[in-house]
Amino acid sequence: MTIPFGNPNRPNSYIGKTVPRPNAARLVEGRGRYVDDMILPRMVHVVYVRSPMAHARITGIDTAEALAVKGVLRVFTGADIAKVCTPWVAVLAHLKGLKSPPEHAIAVDRACWVGEPVAAVVATTRAAAEDGAALVDVDYDPLPVTGDMMTALDADTPVLHADMGDNLAFRRLHEEGDVDAVMASAHKVVSARFKTARHTGVTLEPRSILVDWNAPEGQLTAWHATQAPHMMQTVLAEHLGLPEGRVRVICGDVGGSYGIKVHVYPDEVATAAIAKIMGRPVKFIADRLESFTTDIHARDHEIAGRIAVAEDGEILAFDIDDWTAIGAYSVYPRTSAIEGNQVVNLCGGPYDFKDYRAQTTVVFQNKTPTCQYRAVGHPIAVAVTEGLVDMAAAELGMDPVAIRRRNMYADDCYPVTSPAKMRFEGLSHHASMDKLVALMDYDALRADQAEARKKGIHRGIGIASFIELTNPSPFMYGIGGARISAQDGCTVRMDPDGSLVALSGVTEQGQGTEAMLSQIVAEGVGVPPAQVRIITGDTQVTPYGGGTWASRGAGIGGEAALQAALALKAAILEVAAAMLQAQAGALDIRDGQVVDADTGQDRLSLAELGRIVYFRGDTLPKGLPRELVQTRHFITSEYPFAFTNGVQASYLEVDTDTGIVTLLKHWCVEDCGRIINPQLVDEQIRGGIVQGLGGALFEEIHYDAEGQLLNGSMADYLVPMAGEMPDMIIGHVETPTLESALGAKGAGEAGTAGAPAAVMNAINDALRPLGAQVTEMPFTPERILRALGRIED
Amino acid sequence: MKASAGGYARASDLRHALDLLGQAGDAGRVLVGGQSLIAAMNMRLSTGDMLVDISRISGLAGVTQQDGRLRIGALTRHADLGGDPLVGRHAPLLAQAVGHIAHAAIRNRGTIGGALAHADPAAEFPACVLALDATMHLEGPDGARDVAVGDFFIDVFETAIAEGEILTAISLPVAEPAEVQILKEVARRSGDYALAGLCLVRRAAGVRLSALGVGSVPVLAQGAMAALDAGDIDAAVTALRAELDPQSDTQASGGYRKHIAGVLLRRIWDEIGGTA
Ligand SMILES: Cc1cc2nc3c(=O)[nH]c(=O)nc-3n(C[C@H](O)[C@H](O)[C@H](O)COP(=O)(O)OP(=O)(O)OC[C@H]3O[C@@H](n4cnc5c(N)ncnc54)[C@H](O)[C@@H]3O)c2cc1C
């Protein structure tokens, strides 16, 4: 069975429509259930004592005073936890040479960053645990701190992990063609250095876990704010020495993730270990201050880039040298080499050129570990690529739209393989650009810009084309040995009154997964979406799956749901055909009724069919299959990733006296294949843009030379807020992937991928007549004024 | 983190509040809107406080005009201040300031007395009352006393309010017919504490100019004031930059803040027509 997507008037046409989110009313009425809302009998709270030093030997831990605090029950050190929990090593076989030392749930002997857990205090209340934590007396012997990225590999820089030999975690060089020869003979070569700041995801709900150990059953249950319950099940089972079948991870409502909650955090694993030792429920909720020091950070990159162009604007070559510092450990199990690897994979992405060289160098330092955060590597690669393209256009006196049109892959050239060896099934760069130019009325904006300039107002237009990696196959993690599922599954069941229940391995983080699944199942079976109940986030009941990451929920989990729904429909129609003495092929299900496919005439309600199957099965022909539960799994197999594409534009104003940037408007046209719910996609794009704008203008984690984090609160780590956000106009082009019947690719990261580059190019467009240029994010007022040479000291 | 308070009592009147503070000794802490204090307690920057909640004491909120002076009760909330007609006429600087202070929820709770007693050098009200040449009215175990604004701000988070004393009101001269009051600042996001800001009050006797976010206390820029009185904006900018020594932090360097102060002064000057 397939769905005639081409016909918008087809029956049950919920795919492609904005339908209400099934969980919205519950969440806005305050009836969401987050981990911190869970209260279990005998539950206790754990608070972690964290290293105040970036690098130190732990020479002694005195817990006597802490244990004397009223309400404090136990204090655990790293050695205590190591007895029940094995350490992990975050490497992947396909990232050749990647190394990282074993990491313990609580530091044993040595702390390697400010915020690393060094002891745990368990008490009857969180407040008592905090009182106790303040009294744990840890003796530290300071060790030399490795902080700076670019000198991490210098001979006189201390080696952070002596066993590793040096501070190099990973290096990859990719070369295609003869970049040096092209650069030597090209009409023009433009080079620039870029920096992206270290930032973090700032989820509304902080990291949270509640773990109970039921000794007689030998069962560990974790209520966890996570994107990947099955991965966590596997990890907890492995490191606590339990069979997977005795670990249940339940993921209720989650207050945003953005990639932050897809990693294994030492304090969360330690919480599980403590629950196992104490035999009672233990709750850990990160507070906002420890979120800043212990949630993964991301995007601390410095990049030297070069582009070679011909006189007519043809892009001949890119040469990229990327450096990133990932903190003290590679993060388990996805590793911290992926971001740099993505930069190598994605630079130059939209363009049809031949010669390419890109290297990433990933080093250790005594800071909070970095790992995958929304749009992993994309904002960096897009900023470098699009920044260089704009600079080249300016050198050639070419319009930024024209140089892109000159070089983007033609819309009819697919499939095609890029110089980075990425395979594109079908993209729509030109159609997207055409739509963007029309949406923003590019020529009118240029006229407005020129008019404003006459009055001394400096406005800029910035364009950023991009590709986005979605729907990953096992090529992302599985082939490297990580037990991370690229496959996902869905079970759809019909209950006696015709209600449907769908259990999916992908998860809801607030992004609307459940709405998307309910539409697909509703259309697949032929019922209104309100008749479908979606269950996600429970390893004991849903099919095994990967969860939420790399924009895969709709493309992978959605296809599994569609196939399961179509299978259930077939099973229902088989029973209906027997009951109605008709051919199954002549029947259909519409709006919860079995109907004649030709005339649409009602034949049988699903409730009646359910009544017969469940309570009067005796009246059906013997041997008639009556399997009203169907499960299907989906995995991509033709392409390692389903690439999407898009283009963004920013219009902004720079106050050249204060350096303040005012965002006037933002546009994005993207192609995520089949759109299942237009409103959800638009809001994913908008939310993603906001996070990208945060990286471009506001977000930056500062450390001093001793590795102390300087701005770990919402007062001085600036997230983008509504007041500064521009109106965002979103448009779409749809090029469905042919790998699935649904045709959906991902849309979760496109906004974040392109927004920083669009803003950078717009600022530089505004500043160009003044001879200034900025390439270091975030573009703070001070950096802009310094680029303009306006500050005396 | 969870706050760790030493105790809490709600005062029924001023006398009661002073008694409670007296009993608590150096652990005593006045609580009003809690928009600075509770945040500090929630980060355990302040622990063991014996909180004396004066927010329900009647008669300490509101604005009155008396004998050529405007009197603003310490418990007046930012939101009420911003909409008060007397403030609009006689102290428009304060009304302008409200638009820059945080967001609606905070303005609904925070009080001018709390903001002044807290004495954050980046806050708007301290610099405003300095430019307005206000008088601070205190009540203590030994009775009432007045402190001139010039003597009130001592250091970061430190004022002339002695242990056991409560700030009950501030007062300022009503505006002259042609008085000019203007506040300008630069902040990274709307509602953030400013990177730098200026308050200018022009009366017949001359200009008063104060700066916020550029030192450990709000700064009265006397060199710049003299130059403005002489009508020389270039000299005023030079003088202003010379008399400021702002801190550098993760938001901006001292050099940037100094630069911005000069930019803001020129903008204010242009806006008020460029005459002393
Ligand atoms: C997110 C956020 C953003 C903010 N942004 C800004 C901003 O941009 N600009 C700005 O100026 N402010 C800002 N503030 C601070 C806000 O203005 C506070 O309300 C104000 O500083 C304190 O007023 P309060 O009544 O809440 O005082 P409280 O927090 O209750 O008390 C503050 C301190 O003053 C003492 N105190 C209070 N009242 C008296 C009194 N009458 N006599 C003696 N001592 C007293 C208390 O003991 C305490 O030490 C912000 C606050 C928040 C939470």
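Across the interface of chain A and chain B of this predicted model, the rule finds four salt bridges. A salt bridge here is a side-chain nitrogen of Lys or Arg within 4 Å of a carboxyl oxygen of Asp or Glu. In one salt bridge the side chains of B:Arg44 and A:Asp131 meet, at 2.7 Å from N to O. Between chain A and chain B there are also 17 residue pairs in polar contact, both residues at pLDDT 80 or more. A polar contact is a pair of N or O atoms within 3.5 Å; within protein, one must be able to donate a hydrogen and the other to accept it, and residues adjacent in sequence count only if both atoms are side-chain atoms.

On the side of chain A that touches chain B, the elements giving two or more residues are α4 (126-135) and α19 (781-787) of chain A. Helices (H or I, at least four residues) and strands (E, at least two) are DSSP runs, numbered from the N terminus. By class, that side of chain A has 14 nonpolar, five polar and 13 charged residues. Ala, Val, Leu, Ile, Met, Phe, Trp, Tyr, Cys and Pro count as nonpolar, Asp, Glu, Lys and Arg as charged, and the others, Gly among them, as polar.

Now for the extent of this interface. The contact, meaning heavy atoms within 4.5 Å, takes 32 residues from chain A and 23 residues from chain B. About 2,300 Å² is buried between the two chains, and carbon and sulfur atoms give 54% of that area. Buried area is the accessible area (1.4 Å probe) that two parts lose on being put together, summed over both. A:Glu130, A:Leu718 and A:Glu782 supply 20% of the area that chain A buries against chain B, more than any other three residues.

A few words on numbering and cut-offs: residues are numbered from 1 along each chain as its sequence is written, while chains are lettered from A and ligands numbered from 1 in the order in which they are written. Local features need pLDDT of at least 70 and side-chain atom pairs count only at pLDDT 80 or more, whereas totals for chains, interfaces and linings use all residues, and side-chain values use heavy atoms, with hydrogens and water left out.

Each chain also has contacts between its own domains, with bounds from an automatic or database domain assignment. Chain A is divided into domain 1 (24-32 + 487-634), domain 2 (35-143 + 203-294) and domain 3 (297-474 + 638-787). For chain B the assignment gives domain 1 (5-53), domain 2 (64-173) and domain 3 (180-271). The table sets out one domain pair from each chain.

| Domain pair | C-alpha centres apart | Buried area | Carbon and sulfur share |
|---|---|---|---|
| Domain 2 and domain 3 of chain A | 35 Å | about 2,800 Å² | 66% |
| Domain 2 and domain 3 of chain B | 20 Å | about 2,000 Å² | 59% |

In chain A, 36 residues of domain 2 are in contact with 30 residues of domain 3. A:Tyr258, A:His263 and A:Phe292 supply 24% of the area that domain 2 of chain A buries against domain 3 of chain A, more than any other three residues.

A:Tyr258 has another feature: its phi is near 55°, a positive value in a residue other than glycine. A:Tyr258 sits in the loop between β12 (247-250) and α7 (266-278) of chain A. Chain A also has a cis peptide bond from A:Tyr414 to A:Pro415, with omega near 0°, and another cis bond from A:Met777 to A:Pro778, with omega near -10°. For background, most residues other than glycine have a negative phi, and most peptide bonds are trans. A:Pro778 is found in the loop between α18 (750-767) and α19 of chain A.

In chain B, B:Pro121, B:Leu130 and B:Ala131 are the residues of domain 2 that lose the most area to domain 3, together 25% of what that side buries. One salt bridge crosses between these two domains of chain B. B:Arg208 forms a salt bridge with B:Asp133, the closest N and O atoms being 3.6 Å apart.
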